[in-house]
Every structure is written in structure tokens, then in C-alpha cells.
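My notes follow in the order in which I checked things.

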Amino acid sequence: MTDLSPKAIAQARAELGVPVERLPRSVAIIMDGNGRWARRQGLPRVAGHQEGAKNVLRIITEAARLGIEALTLYSFSIENWNRPAAAVNALMHLYAQYLGHERPTLVANNIRLRHLGRRASLPVPVQRELDESVRISSVHTGMYLCLALNYGGRAEITDAVRRLAARAAQGEIDPAAIDEADISAALDSAGIPDPDLLIRTSGEWRLSNFLLWQLSYAEFYVSDLYWPEFGPEAFRQALIAHAGRHRRFGGLEDAPPAAESTR
Ligand code: IPE
Ligand code: IPE
Ligand code: MG
């Protein structure tokens with residue numbers, strides 16, 4: 001069991017050497033570059049995904065140790081179905097296996113698993129393992145781990161719009177009264193704080209349809225490392241980089257909040 005007492009978390013955060021209030025509460029990661037990592041080692045792509053899955057365990061343990069409230073990981077996009085069937089099947093097989101292997105890590109770190117994405121079109125064994133991990137971890141009280149599996153940002157927003165429209169058609173809600181909080185609450189990520197920091201590995205600078213609504217003010221951090229080699233030390237460096245950013249949210253740098261400002 002990882003020591004997740006407030007004292008241990010405070011100690012781990014202090015070791016980062018940055019003001020703790022500047023650390024992100026919520027972090028999202030586009031785990032990219034498994035295939036290139038494998039090619040560089042002269043291995044088949046699937047070996048890269050296996051190494052990537054091992055790294056997931058290292059990073060979720062590190063994030064929990066540092067008291068991150070929510071970690072969202074992009075594992076498989078809806079667009080990834082465009083890959084050759086054999087490549088997709090190998091990945092689906094790995095997800096089913098990995099979800100089982102991951103359970104002791106969820107228990108040891110008091111992590112609550114949530115799924116983001118379209119569950120019904122995942123293979124049945126993946127659905128079963130996902131449901132079981134969500135079920136066993138629902139009693140936990142620590143970090144949220146959101147696994148984006150068969151996920152697309154536009155699909156998620158589309159599904160949310162359909163839900164809200166259906167409620168409006170039933171007369172349950174007034175279309176004119178729908179606000180941003182209603183939309184957030186209709187997304188798969190309902191109740192999870194929006195990411196403060198988005199990390200993408202393997203040197204690519206794009207969103208690839210990830211969390212289009214939730215990332216509106218996230219800081220972007222790109223690492224040239226491939227996902228299997230983006231370990232805990234690299235993760236800590238990303239948190240330290242976030243602490244050095246000046247987030248303005250449309251306001252003025254270092255200005256006091258509007259209500260207190262006299263200028
Ligand atoms: C990321 O690795 C994992 C998934 C998209 C499933 P890739 O498979 O995209 O690896 P690269 O980008 O081809 O190196
Ligand atoms: C994004 O990676 C999706 C995941 C990491 C799961 P991709 O490798 O699919 O992204 P593109 O195709 O390079 O944009
Ligand atoms: Mg890729």
C-alpha cells in the first residue's frame with residue numbers, strides 16, 4: 001500500500017520544490033508513441049503497447065502519491081478503429097488483460113476508476129473487465145482515474161447534446177436555461193475537475209479529439225519522450241513546468257481578482 005496520508009502527500013509535494021498551490025489538481029495525458037518506441041527497439045508494435053501499459057501503472061501510482069485529484073488517460077480514440085483490424089484486436093486483447101492487472105494498483109492507491117467513451121461498442125470482455133474495475137474501485141476515496149477508451153471529444157459532446165435535447169423534449173428542462181454547468185454535467189466526465197495540465201508524449205502538438213470541452217483553459221506540455229519511457233521523473237518535470245506557467249483565464253497577469261481590483 002502506498003502511504004497516502006496527508007503528511008506523506010505533503011512531503012511528496014514538497015520534494016518537487018515548487019509552491020504547492022501551483023500544482024495542477026487535474027491532469028490529462030495523451031499517451032502517444034508506443035508504436036515508434038517499439039520500432040526503435042526493433043520490436044513489434046504490440047510490444048510498445050505492453051510497455052506502455054506497464055508505464056500506466058507507474059504513472060498512476062506516482063500521481064496518487066503526489067495527491068493529484070484526477071488523472072485522465074487517453075487509451076484508445078474512436079478514430080483508432082481506422083487502424084488495421086489485427087492492430088485493433090491486439091489492443092483490445094491487451095485492454096481486457098491490463099484492466100485485470102491494474103486492479104491491485106487501484107486498491108493499493110485508493111483510486112476510483114471512471115470510464116470516458118462509448119462503452120457499448122467495446123468488445124464484451126473489455127466491457128466486463130472495465131465494469132468490474134469500476135465496481136471494485138467505487139468504494140475508494142482517493143484520486144479519480146478516468147480512462148478514455150473508445151473516446152472522442154466530439155462524440156462525447158454529441159452524446160451530451162442528445163441527452164439534454166431529450167430532456168428538453170420531455171419538458172424537464174428549459175432550452176433557454178441550459179448553461180455551461182449543465183453541459184459539463186451531461187458529459188462522461190461529469191463531476192471531474194477540468195484538467196489544469198495536458199501532457200502529450202512523443203513530440204506531437206495536437207489534441208486528436210481529446211476532451212475538447214474540458215481542456216478549454218488547460219496548459220499544454222509536450223514531451224519528446226515516447227509514452228513507454230515517460231516515467232515518474234518525466235511526470236514530475238511536467239508538474240514543475242506547470243507551476244511556472246502564468247494562467248490568466250482571459251484576465252490580466254498577476255492582477256487581483258476583478259471584485260478586489262480598483263483599476
Ligand atoms: C499510442 O501509441 C497508443 C494508441 C493510440 C493506442 P501509438 O500506437 O499511436 O504509437 P505511434 O504514435 O504510432 O508511435
Ligand atoms: C491519440 O493518439 C490517441 C491516443 C493516444 C489513444 P493517435 O496516435 O491516435 O493520434 P494521431 O492519429 O497521431 O493524431
Ligand atoms: Mg500515435
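Entry 1, shell of ligand 1. I looked up which element gives the largest share of the shell around ligand 1, and found α2, with three residues. The model is a predicted one, and I read the contacts below with that in mind.

I counted 13 residues around ligand 1. Those that come nearest are Asp 32, Gly 35, Arg 36, Arg 45 and Arg 83.

What does an oxygen atom of ligand 1 meet at Asn 34, side chain or backbone? I found a polar backbone atom of Asn 34 at 3.2 Å from an oxygen atom of ligand 1. For Asp 32 I noted a side-chain N or O atom 2.8 Å from an oxygen atom of the ligand. For Arg 45 the side chain has an N or O atom at 2.6 Å from an oxygen atom of ligand 1. I then looked up the cover: ligand 1 on its own has 380 Å² of accessible area, and the protein covers 86% of that.

I located ligand 1 in the largest pocket. The elements giving two or more residues to its shell are α2 (34–41), α3 (45–65) and α4 (85–108).

Which element gives the largest share of the shell around ligand 2? I noted strand β2 (residues 70–77), with three residues. The residues surrounding ligand 2 include Ile 30, Met 31, Asp 32, Tyr 74, Asn 80 and Arg 200. I had already listed Asp 32 and Arg 83 for ligand 1, and I found both around ligand 2 as well.

The distance is 2.6 Å for Ser 208, 2.8 Å for Arg 206 and 3.3 Å for Arg 83. The protein covers 77% of the 390 Å² of accessible area that ligand 2 has on its own.

I looked up the mean pLDDT of the protein chain, which is 95, with 96% of the residues at 70 or more. Where is the pLDDT below 50? I found this over residues 255–263, a stretch with two contacts in the model beyond near neighbours in sequence. Among the elements, I noted the highest mean pLDDT, 99, for strand β1 (residues 26–30), and the lowest, 97, for helix α1 (residues 6–14).

How values were computed:
Residues numbered from 1 in each chain as written. Chains lettered and ligands numbered in written order. Predicted model: local features only at pLDDT ≥ 70, side-chain atom pairs only at ≥ 80, totals over all residues. Heavy atoms only, no water. pLDDT = per-residue confidence, 0-100. Helix = DSSP H or I, 4+ residues; strand = E, 2+ residues; numbered from the N terminus. Contact = heavy atoms within 4.5 Å. Near = heavy atom within 4 Å. Polar contact = N/O pair within 3.5 Å; in protein donor to acceptor, adjacent residues only side chain to side chain. Areas by Shrake-Rupley, 256 points an atom, 1.4 Å probe, with all protein chains shown as cover. 1 Å grid on protein atoms, 1.4 Å probe; cavity = no way out; pocket = protein on both sides within 12 Å on 5 of 7 lines; lining within 4 Å. Sits in = over half its atoms within 2 Å of the grid points.
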